[in-house]
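Please keep the sequence and the structure in view while reading.

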Amino acid sequence: MSLAAIILAAGKGTRMRSKRAKVLHELGGEPMIARAIRAVAALEPEPIVIVVGHQAGEVEAAASFCRARFALQEPQRGTGDAARCGLGQVPAGFTGDVLIAYGDMPAVTPATLRAFLDAHRKRGAKLSFISIMLDDPGAYGRVVRDASGKVEKIVEFRDATPAERAIKEINTGFYLADAAILRSALAELKPGNAQSEYYLTDIVAIARARGESEKVEAWVAADPAQFAGINSREELANMEAEIRAAVNRRLMQSGVTIVDPPTAYISEQAEIAPDCVIGPNVQIFGACKLGEGVRIDGTAWLSNVTVGPRCHLKLGVRAEDCVIGEESEIGPFANLRAGTELAGHNRIGNFVETKNARLGRGTKASHLSYLGDATIGADTNVGCGVITVNYDGYDKHQTVIGDRCMVGCDTQLVAPVKVGSDVFVASGTTIVREVPDGALVMSHHPQRERAGWMATWRKRHNDSPDGSLRRRKDH
């Protein structure tokens, strides 16, 4: 049977006290809506419709990783109205089931949604929803059943009687419905409630009134924690801590050493091989891949980085969208920006920055250099203070350096420029044109001296070699 899905993500999230749409707040280094989308997408529904409203463009951008349709709810008039907007993007001839889910419930797993779908179809239900049992159900909508235990209706807390508020079974908001029944039920919704909104929960009472009660089912989920929504910064932080702890446990069980788990922030998408050592205060975001035996000393920030086996990342390394070949040594305090590719056995030392730079095997840049828009061959040594001058104020230009070069300290390479292989660049050189293979290149100015100049300089400033005159003057 066909399946479509509607994900509701139009709300502002007023209780977050943020100008940013609630579903855009991050969990595990990505917008929470991304987690909700992946859980739904695992069921392979077609189409997936995401209902947007507040900051619609930004929400659509956050969901761009999946093939989805978007429906605009403007103004926001409740969950029922949102579902109606979403259903408008489902083809009129669609005859399967429609799953309704939420962008601000990021803990729900694909396995739970699959079990819900299987139970719905096994029971032959036309309308099912997920309920959970809570000792303290708070302000959630209550599931009201008749004397025989059949679902009668769902009552929102604000509209519930004292007896109904005593019920422990609550509605999570996840639904599966036959498309035809859903269309007709949504068409009957009316805003006759305390908030003057169109409640999606009312479709249960509508189905029962039509004599469909035998086909309305509440599937009681075994893990209530999965249905914890995010409505405040505190709830966001608590779920972040739970996700992080679960990731760290899984990694440690697989053979990864995490020196200080409470300070390790590691993406669920990260792949970390056994015998890696993750030091304190390390953040690993996105689809990072760490090969066997990688050591990260601490206070590092990595995003979408591939690190080869047995690399050593020292204190304070920052790297994003780059590749670090095997047995390389990075840092301390190195910055590898997007497009950096290290072939392996490289050294990028303290306060070196690379950007869109490809370094051959064994090439080193140990201190205080900037290598941007550069291609450097194998076994080349880049000295302290070397700069590829890649930007002319309008465009970026390439620097090419060959194999086995020695680039002396305080060298500037004004791009576009090419340096051949086996070139020795003297310290303090400014390179502005191509250098052939095997050359020595220098741009030294003649050194000059003026004897006795310092005594004249001190006399002019009423100073003496030991500084005594200057100290008396200062006081």
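## Strand 6

Strand 6, residues 97-102, is mostly covered, since six of its six residues are buried. Buried means under 20% relative accessible area, exposed means over 50%, and partly exposed lies in between, with a 1.4 Å probe and protein chains only. Strands here are DSSP runs of E with at least two residues, helices are runs of H or I with at least four residues, and both are numbered from the N terminus.

In a regular strand the side chains alternate between the two faces of the sheet. Both faces of strand 6 are covered: Asp-97, Leu-99 and Ala-101 are buried on one side, and Val-98, Ile-100 and Tyr-102 are buried on the other.

## Basis of the model

The model is predicted; local features need pLDDT of at least 70 and side-chain atom pairs count only at pLDDT 80 or more, while totals for chains, interfaces and linings use all residues. Residues are numbered from 1 along each chain as its sequence is written, and side-chain values use heavy atoms, with hydrogens and water left out.

## Partners of strand 6

Strands of a sheet pair through backbone hydrogen bonds, either parallel or antiparallel. Two strands are counted as paired if DSSP finds at least two bridges between them. Strand 1 and strand 6 run parallel and are joined by six bridges; Leu-8 stands opposite Tyr-102 in strand 6. Strand 6 and strand 10 run antiparallel and are joined by four bridges, with Ile-100 opposite Tyr-175 in strand 10.

His-120 is placed in helix 4, residues 110-122, and is buried, with a relative accessible area of 2%. The side chain of His-120 makes a polar contact with the side chain of Asp-97 at 3.4 Å. A polar contact is a pair of N or O atoms within 3.5 Å; within protein, one must be able to donate a hydrogen and the other to accept it, and residues adjacent in sequence count only if both atoms are side-chain atoms. Leaving aside neighbours within four places in sequence, the contacts of His-120 (heavy atoms within 4.5 Å) include Asp-97, Ala-125 and Leu-176.

Helix 1 is mostly covered, with eight of its 10 residues buried. Among the buried residues are Met-32, Arg-35 and Val-40. Ala-41, in helix 1 (residues 32-41), is partly exposed, with a relative accessible area of 30%.

## The largest pocket

The largest pocket holds about 1600 Å³ of space. Of the 45 residues that line the largest pocket, the closest to its centre are Arg-15, Lys-22, Thr-79, Asp-104 and Asn-231. On a 1 Å grid over the protein atoms alone, a pocket is an open set of points where a 1.4 Å probe fits, with protein on both sides within 12 Å along at least five of seven lines; lining residues have an atom within 4 Å of a point. Grid points are joined across faces, edges and corners, and the volume is the space filled by probe spheres set on the points.

Strand 1 (3-9), helix 3 (79-87) and strand 10 (169-178) each supply at least two lining residues, and strand 10 gives the most, with five.

An open sheet of 11 strands has parallel pairing, in the order 12-15-18-20-22-25-27-29-32-35-37. Its edge strands, strand 12 (257-258) and strand 37 (440-441), each pair on one side only. Within this order, strand 25 (residues 347-350) and strand 27 (residues 364-367) pair in the parallel sense over three bridges.
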